[in-house]
Each structure stands twice: as C-alpha cells, then as structure tokens.
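Biologist: I'm new to this one. Could you walk me through it?

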Amino acid sequence: MPAGTLRLTPLLAFLAPFRGLARVFDPGLRGLVIGPLIINILVVIGLATAAGLGFEALLAAWLPGGWDWLAWLLWPLFALALLVAFGVSAVALAAIIASPFSGPLAYRTARGLGHEPRQPARSFLGEMGHATVTALRKAGYYGLLFIPVLLITIIPGLNLLAPIAWFTFGSWVLAVEFLEAPLANDGLAFAEVRKTVRAHRLETLSFGAGTTLLAMVPLVNLLLVPAAVIGATHLRVRLPRA
C-alpha cells in the first residue's frame, strides 16, 4: 500500500516526533541534519542561559537582605517553568531560524519514504526567500492565535484553564511550524497549509503534543528541530496527496 494511503491516526501522529528522533542520525539524512541541529543547540542553550542569568538578577533585585535562602526554594519552581515555557519557545524559535535547512531535510526524508515531492528542490537562496516570506505569514497567524490564550491567562476564573490553553497553543504552533516544510515541498502555500492542518485538526494537535512533550525534556530538546521535521514528513506522506 502506498505511504500516502496509509490510515492516519492520532496515535501515529503523536508518535511521529519520536520516530523522527530515532532517525536523526540516519546515514542518508546526516548531512542535512547538521545545520538545524547546530541552530537548535545554540538557541536552546542560549535562551536557557539568558533566562537563568535574568532570573538571578531578578532575585537579587527583589529579595531583601538576609532572604537569600528563599532563592533556593524559588529555583526549582523556575526550573520547572523553564522546561515548559523556554523549552517550547526555544524549539519554535530554532525551527524558524532553521527553516532554510528544514525544506531540504523534509525533501530527502519524503523521497526516502517513497513520496516524491511535487515541487522541484529549491536552491539554498530559494529556501532562504521562501523561509523569509513564510515566517512573516506565520508570525501574523501565531499572533492571532495568541490573543485568546493571553485573555484566558489574565481573566480571573478563566486563568484556571491557562495551563491547558498554553499547552494547546504550543502544540498547535509547533505542529504547524514543522508540518509547513514537507507540505511546502508539495507546492502548498501557507494558506493551504492552514487549511490542511485544520482538516486534520486532531492529528495535528496530537503531533504537536508529542513534539511539545519532547521540547520539555532536557538534552532531547537539543535534537528536536531535525527530529520534528523528519517526524512531520512521516506524517505528511500519510495525508491524501490531493
């Protein structure tokens, strides 16, 4: 049975980033993994370091003299928040920066799965141009999605749902971010990418949820950008080509 006709399920979608993680160092993909891998590592480590230093400065400014012991109680809470907020945001930022490398990686992965992309492979300059234009459209789309999440966070009563809202928002953003590369290789503009993911809303959220969970795991999240691109391509070849 051709890959594109295989039945897509939420469980398969959830496991797709884990499958991509297992293939990060495949010999056939290794050369194309290096670029997004280096960017992923630098962004995650850079943001985590900046966040840690910023939190230390914040504690020094806010805690009165003689209360330094309280910092030891606040650091574990901060570390937990760092795993959730900075893990997801760092991976999303790394994915945007690594976009010119994601297209070729998705292209080779798809061909290895027997799915010939409809668009010819772009040059690196072509990938840069596509990534720049698409990044602007993504920013506007993510900004609109962020508004209701922000309202849920700041409205008393509703903010009890904030953790669910943030997890759902992060899952959807990461799913769209990584699925865009293999879908664009099949000639879909970003507006068509949005229609496609909406048509498979549950599977998209399941893929994003798996990606978000991996983004919160230290060390594993350093590999997540190339892993999620590979996983998204596995997911894409199981969508109807039409």
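Modeller: First, a term: buried means under 20% relative accessible area, exposed over 50% and partly exposed in between, with a 1.4 Å probe and protein chains only. This is a predicted model, where local features need pLDDT of at least 70, side-chain atom pairs count only at pLDDT 80 or more, and totals for chains, interfaces and linings use all residues. Residues are numbered from 1 along each chain as its sequence is written, and side-chain values use heavy atoms, leaving out hydrogens and water.

Biologist: Which residues of H5 are buried?

Modeller: Helices here are DSSP runs of H or I, at least four residues, numbered from the N terminus. H5 covers residues 124-154, and its cover includes helices H4 (99-112), H6 (162-185) and H7 (190-199). The buried ones are Glu127, Ala131, Thr134, Lys138, Tyr141, Tyr142 and Val149.

Biologist: Where is the kink in H5?

Modeller: The bend at a residue is the angle between axes fitted to the seven residues ending there and the seven starting there. In H5 that gives a kink of about 25°, shortly before the proline Pro148, at Phe146.

Biologist: Are H4 and H9 parallel or oblique?

Modeller: Axes are lines fitted to C-alpha atoms, over the stretch in contact (heavy atoms within 4.5 Å) for helices, and angles run from 0 to 180 degrees between N-to-C directions. The axes of H4 and H9 (residues 224-236) come within 9 Å and cross at roughly 45°. Under 35 degrees is roughly parallel, over 145 roughly antiparallel, 65 to 115 roughly perpendicular and the rest oblique, so H4 to H9 is oblique.

Technical notes
Helices (H or I, at least four residues) and strands (E, at least two) are DSSP runs, numbered from the N terminus. The expected span of a helix is 1.5 Å times one less than its number of residues.
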